[in-house]
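Here are my notes on the model you sent. Please read them with the structure open beside you.

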Amino acid sequence: NEQMYIKVTAKSDSKEDSVIEKNGRYVVSTREPAENGRANASILSILARHLDVPKKSLSLVRGADKPSKLFILRK
């Protein structure tokens, strides 16, 4: 079982959903607001789509309430 940590800078309330790779870190923007986990759920979906992996293989490990997040990808 392979796993990889993915560092993410989250931007909620954005004009569009997008992913930019920058210095080994992903900047993920979502239209969703940062309330009730909506932005986190959206960011997970956007990231999974960008990486072409199923959503269930990604988990938020750290930073649920911060812009700086750490996800784990299990293959």
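1. Burial. Of the 75 residues in the chain, 35% count as buried; buried means under 20% relative accessible area, exposed over 50%, and partly exposed in between, with a 1.4 Å probe and protein chains only.

2. Basis and confidence. This is a predicted model, in which local features need pLDDT of at least 70 and side-chain atom pairs count only at pLDDT 80 or more, while totals for chains, interfaces and linings use all residues. Residues are numbered from 1 along each chain as its sequence is written, and side-chain values use heavy atoms, with hydrogens and water left out. pLDDT is the predictor's confidence in each residue, from 0 to 100. Its mean over the chain is 96, and 100% of the residues reach 70 or more. Strand β2 (residues 18–22) has the lowest confidence, at a mean of 96, and strand β3 (residues 25–29) the highest, at 98.

3. Layout. The chain has 1 helix and 5 strands, in the order β-β-β-α-β-β along the sequence. Helices (H or I, at least four residues) and strands (E, at least two) are DSSP runs, numbered from the N terminus.

4. Overall size. The C-alpha atoms fill a box of roughly 35 × 25 × 20 Å along the principal axes. Residues 24 or more positions apart account for 37% of the contacts with a separation of 6 or more; contact means heavy atoms within 4.5 Å.

5. A residue in β3. Is Ser 29 buried or exposed? Ser 29 lies in strand β3 and counts as buried because its relative accessibility is 9%. Leaving aside neighbours within four places in sequence, Ser 29 is in contact with Lys 11, Ser 14, Glu 16, Asp 17, Ser 18 and Ile 46.

6. Two loop residues to check. Most residues other than glycine have a negative phi. Asp 13, in the loop between β1 (3–11) and β2, has a positive phi near 55°. Asp 13 is exposed, with a relative accessible area of 55%. Asn 36 sits in the loop between β3 and α1 (38–51), and its phi is also positive, near 55°. Asn 36 counts as exposed because its relative accessibility is 75%.
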